[in-house]
Amino acid sequence: MSRIQASIADNDSNRLKIEAHSLKGMSLNLSAKSLTRIALELEKMGTADNLNRALETYAVLEEEAESLRNKLTENKCSPRSQAELGNE
């Protein structure tokens, strides 16, 4: 994510396209649909060489990534998840 942020700060469309594409792939592997959609938006902005909305889209990406981190942390520590893993 820091590479995406840096590419936006540097107004580097090509790097944004590459970094967003990479994040999109990782998000797909996690079945994180919202994160995937936002990464795709950023990738398209990079492809179109139009970063006009990139900062606001990145802010949404950060929120969604934080939400995903929280969900993963909750699931990792929840009694139900531990029971499913045989760690009761």
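In what order do the elements of the protein run from the N terminus on? They run α-α-α-α-α, and the protein has five helices and zero strands, where helices (H or I, at least four residues) and strands (E, at least two) are DSSP runs numbered from the N terminus. The model is a predicted one, in which local features need pLDDT of at least 70 and side-chain atom pairs count only at pLDDT 80 or more, while totals for chains, interfaces and linings use all residues. Residues are numbered from 1 along each chain as its sequence is written, and side-chain values use heavy atoms, with hydrogens and water left out.

Of the 88 residues of the protein, 32% count as buried, a class that requires under 20% relative accessible area, with exposed set at over 50% and partly exposed in between (1.4 Å probe, protein chains only). Among contacts with a separation of 6 or more, 46% join residues 24 or more positions apart, contact being defined by heavy atoms within 4.5 Å.

Helix α1 (residues 2–9) packs with helix α2 (residues 13–29) at an angle of about 160°, their axes lying 9 Å apart; axes are lines fitted to C-alpha atoms, for helices over the stretch in contact, and angles run from 0 to 180 degrees between N-to-C directions. That angle makes α1 roughly antiparallel to α2, given that angles under 35 degrees count as roughly parallel, over 145 as roughly antiparallel, 65 to 115 as roughly perpendicular and the rest as oblique. The crossing of α1 past α2 is left-handed, a label used if the near helix is turned anticlockwise from the far one by less than a right angle, with right-handed used if clockwise. On the α1 side the contact is made by Arg 3, Ile 4, Ala 6, Ser 7 and Ile 8, and on the α2 side by Arg 15, Leu 16, Glu 19, Ala 20 and Leu 23. By class, this contact of α1 with α2 has six nonpolar, one polar and three charged residues, where Ala, Val, Leu, Ile, Met, Phe, Trp, Tyr, Cys and Pro count as nonpolar, Asp, Glu, Lys and Arg as charged, and the others, Gly among them, as polar.

The next pair is α2 and α3, whose axes come within 7 Å and cross at roughly 160°, which makes α2 roughly antiparallel to α3. This crossing is left-handed, and the residues that meet include Leu 16, Ala 20 and Leu 23 in α2 and Leu 35, Ala 39 and Leu 42 in α3. By class, the contact of α2 with α3 has nine nonpolar, six polar and three charged residues.

Which residues touch the most other members of the largest nonpolar core? Of its 17 residues, they are Ile 4, Ile 8, Leu 16, Leu 42 and Leu 61, and α1, α2, α3 (33–48) and α4 (54–77) each supply at least two residues of this core. Such a core is a set of buried Ala, Val, Leu, Ile, Met, Phe, Trp, Tyr and Cys residues joined through side-chain atoms within 4.5 Å. Leaving aside neighbours within four places in sequence, Ile 4 is in contact with Leu 16, Glu 19, Ala 20, Leu 23, Leu 42, Tyr 58 and Leu 61.

Leu 35, in helix α3, is buried, with a relative accessible area of 7%. The C-alpha atoms of Leu 35 and Leu 61 are separated by 6.6 Å, although these residues are 26 residues apart along the chain.
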